[in-house]
Each structure stands twice: as C-alpha cells, then as structure tokens.
Amino acid sequence: MLDRKVLRGNFEEVAAKLATRGVKVESLEKYIELDKERRDLIVETEEAKQVRNQVTEKISVMKRNKENADQQIAEMKEIGSKIKELDAKLSELEDALEAIEFTLPNLPYKDVPVGEDENDNVEIHKWGEVTQFDFEALNHWEIAENLGILDFERGAKVAGSRFVYYKGLGARLERAVYNFMLDTHTSKNGYLELITPYMVNQKAMFGTGQFPKFKEDVFELQDDRGFVLIPTAEVPLTNFYADEILDSAQLPIKFTAMSPSFRSEAGSAGRDTRGLIRMHQFHKVELVNFAHPDHSYEALNEMVESAEGILKALEIPFRTITLCTGDMGFSAAKTFDIEAWIPAQNTYREISSCSNCEAFQARRAKIRFRNDEGKTEYVHTLNGSGLAVGRTVVAILENYQQADGSVKIPDALVPYMGGVTEITKANAMG
C-alpha cells in the first residue's frame with residue numbers, strides 16, 4: 001500500500017510513475033478529491049465533537065447549580081445527531097478511498113526499465129552454455145512418461161487438469177531438489193527454515209497484496225472462516241511479523257520455507273497445458289527478507305545471488321533479467337527474474353522471481369521496526385523463489401536427458417538421491 005502523504009504531496013511524480021504500471025490518472029485524481037473531502041470532514045467532525053464536549057461540560061455545571069439545562073440538552077442531542085451523520089459520511093469516504101487505494105500497485109524503483117510487457121524486460125546476464133544434443137531433445141513430460149515417473153493422466157482423473165502424480169525416482173527427485181535447496185539456503189545463505197501454515201486468513205492475503213485485487217487467482221475454502229490455500233509461502237512468511245514492531249538490531253531477518261503452492265491459473269487457458277510448468281499445485285522453496293530500508297537493495301542482490309547459486313550448483317544454464325514496469329508484480333518496486341534454459345522449447349523459462357517490495361507490504365501488514373532514534377519505521381520486505389521445485393525438475397529432465405531416454409542426476413543431487421546417478425526404465429520405480 002502506498003503512503004497517503006506521498007500520494008498527496010507528490011501527485012504529478014506519483015501519477016507519472018503509476019502510469020507506467022497501467023494506472024489511469026483519472027483514478028488518482030478521484031482519489032485526491034476524496035482524500036481532500038475526507039480531511040475536511042475530519043476537521044468538521046472534530047470541531048463538532050469539541051462543541052459537544054463544551055456543551056456536556058456546561059450541562060454538568062448547570063445541573064450542579066440546579067439550573068434548567070433543557071435547551072443545552074436539546075442542543076447536545078442535535079450535535080450528537082450531526083456527529084453521527086458526519087461519522088457515517090466519513091466511513092463512506094474511507095471505503096471509497098480504500099476501493100482505489102487497495103488496487104494501486106507499488107511505485108517502481110528509479111532504475112526499473114519502463115515498458116508495457118515481457119518484451120520490454122532487460123537481460124542482465126547469462127550463465128552457462130545452452131545445452132546441445134546430438135539427438136532430438138524430448139519435452140520433459142515425454143521423458144517422464146517414458147520413464148514412468150510422472151502420471152498426468154491419473155492426476156487428472158482424481159483432481160482434474162494441471163495435477164500430477166510423481167512416482168518412484170520421480171518423487172525422490174522432487175524431494176531431493178527441495179531438500180538440496182533448503183540445505184543450501186540454511187547452511188550457506190543464512191536463512192532460517194520455517195514450516196508454515198498452508199492455509200491463511202484473508203487479512204494475511206491482504207498484507208502481501210494478493211487481496212483484494214487478485215482473489216480470482218487463489219483457492220478459497222467455502223466456509224465461514226475465510227481460509228485461503230496459500231499461493232506461495234511468501235504469504236505466511238511475510239505475515240509472520242504482522243502487527244509487530246521489531247528492533248533495528250534484529251534486521252535483516254531471513255526466512256526460507258518449502259511449501260505447496262496453490263494457484264487457480266485464472267486467465268491461463270491454453271498456456272502450458274502439458275507438463276509441469278503451470279500447475280494448480282506445486283512445491284516451491286521461498287525466500288523472504290525483512291530488511292532495513294537503507295540496505296534493502298543490497299539484500300535484493302544477495303537474494304538473486306542465492307537463487308542463482310542453486311542453478312549454478314545444478315549446472316543448469318540460465319539468464320537473469322530485470323522486469324519492466326508493465327511486467328512487475330503488484331507489490332514489487334523492483335524485480336529480477338531468473339530463467340532456466342529449457343532445451344525442448346529452445347528458450348528460457350522463469351524459475352525464480354526476486355522482488356523488493358520496499359514498505360508496500362509492511363504498510364499493509366503493519367510490520368515496523370524501531371530505529372536508532374527510537375522512532376518507528378516500516379521495514380522493507382523482499383521475497384523470491386529459491387527455487388520453484390517443479391520447474392527445476394523440468395530443467396533437470398530436459399538438460400540432463402540422454403539419448404537412450406534416461407536422465408543423468410546432477411552431481412549436487414546424487415547424495416540426496418541415495419547415490420543414484422541416473423534414472424532409467426530399469427530403476428525408475430526404485
């Protein structure tokens with residue numbers, strides 16, 4: 001959520017920045033109009049309450065002096081009715097303001113490239129040589145189905161499209177991948193591992209920016225408790241400190257968690273209909289950092305390096321790009337995407353997205369810290385995938401496929417696979 005003082009005091013600058021994110025100036029002008037009306041009404045309400053207090057005190061004095069206070073009592077009732085009307089109007093204005101405010105995305109950081117969509121993203125660097133084969137490369141689902149380690153047909157039978165069963169060494173590979181990621185982030189990169197709730201309330205979804213604008217993207221439980229299946233562990237991790245004040249000495253605080261993620265994939269009809277790229281349920285290792293505002297962009301670079309380090313250890317070629325203003329997520333001020341090379345598609349596909357949300361989420365979730373002067377400030381929150389597990393399995397199956405249909409296991413994962421160095425038809429079921 002944006003700072004109202006910034007919206008009010010730097011209108012032209014804010015409007016220009018938000019225009020690069022698709023926000024119409026008319027919406028902001030309406031917001032400023034409502035905000036002025038609200039502030040004027042607050043002044044009027046406070047004045048009325050002050051008069052009421054004065055009249056109440058006068059009535060009290062008159063009663064002590066056994067004087068007739070009927071006129072003053074009638075006056076107080078009239079003022080009370082007026083205050084009630086003003087409060088109701090104030091509530092309506094607040095609702096109207098929030099209806100705009102809650103849908104405004106974060107302001108882009110000063111060096112974020114301006115653009116409309118993914119075509120305007122800027123490549124920062126590449127790592128590794130793209131994988132070449134002297135045979136025709138198969139898609140990951142063909143490799144996996146030939147080996148029998150993924151079963152999309154039965155996944156669809158019991159749950160519907162975009163669900164899958166992992167089997168045998170396929171299941172072990174998935175487990176090996178996320179255990180390797182967690183071990184690396186906790187032992188090497190300084191993150192504390194948490195196991196989070198996999199359902200959260202709507203307040204938590206608001207805190208990280210998914211609600212109210214993106215409700216169609218999640219799965220909500222149909223009961224009166226308002227539970228939502230998490231779309232990412234970012235939600236429970238970031239909300240860990242909701243409504244709390246930290247000490248500056250505690251910062252930075254770095255959390256990691258592996259969790260299932262549940263996405264409705266609304267609007268993705270016809271996209272990535274086969275394979276593991278776009279599922280309703282998938283595992284992801286999430287990274288979250290609560291950083292001091294003075295050091296949050298250093299923390300963002302560090303987070304990107306941590307995510308890239310997983311791909312380097314697995315020896316999977318990748319590239320890192322900066323997202324343009326039109327392609328960033330709602331809560332982000334700046335985002336780097338890391339894309340792994342997918343041979344059968346002859347392209348790079350997103351496997352991690354690392355963002356600095358600055359104070360945007362902290363303002364919504366009320367996560368603050370006490371600075372060295374003893375004053376409270378909002379922390380800066382960062383989040384990133386470290387990495388998307390299913391997509392990492394995709395990258396392994398495609399980049400490590402062999403001519404006979406088997407798949408070599410990256411050296412870093414062999415200990416996590418119990419010494420298995422390749423998946424073949426003969427050993428696929430363990």
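**Salt bridges in the chain**

Tutor: The side chains of E265 and R278 meet in a salt bridge, 3.5 Å from N to O, where a salt bridge is a side-chain nitrogen of Lys or Arg within 4 Å of a carboxyl oxygen of Asp or Glu. This pair links distant parts of the chain, for E265 and R278 are 13 residues apart, and both belong to the loop between β9 (253-262) and β10 (281-291); strands are DSSP runs of E with at least two residues, helices are runs of H or I with at least four, and both are numbered from the N terminus. E265 is buried, with a relative accessible area of 18%, and R278 is buried as well, at 12%; buried means under 20% relative accessible area, exposed means over 50%, and partly exposed lies in between, with a 1.4 Å probe and protein chains only.

Before going further, please keep in mind that this is a predicted model, in which local features need pLDDT of at least 70 and side-chain atom pairs count only at pLDDT 80 or more, while totals for chains, interfaces and linings use all residues. Residues are numbered from 1 along each chain as its sequence is written, and side-chain values use heavy atoms, with hydrogens and water left out.

The general idea is that side chains of opposite charge can pair when their charged atoms come close. The structure holds 23 salt bridges, and one of them joins the side chains of D3 and R363, at 3.9 Å from N to O. Here the partners are 360 residues apart, with D3 in the segment before α1 (4-9) and R363 in helix α11, residues 360-365. D3 counts as partly exposed at 27% relative accessibility, whereas R363 counts as buried at 17%.

Another pair is R319 with E123, whose side chains meet in a salt bridge of 3.1 Å, N to O. This pair also links distant parts of the chain, since R319 lies in strand β11 (residues 318-322) and E123 in strand β1 (residues 122-127), 196 residues apart. R319 is partly exposed, with a relative accessible area of 24%, and E123 counts as partly exposed too, at 37% relative accessibility. Beyond these pairs, salt bridges that share partners join R4, R8, D35, R38, R39, E94 and E101 into one network.
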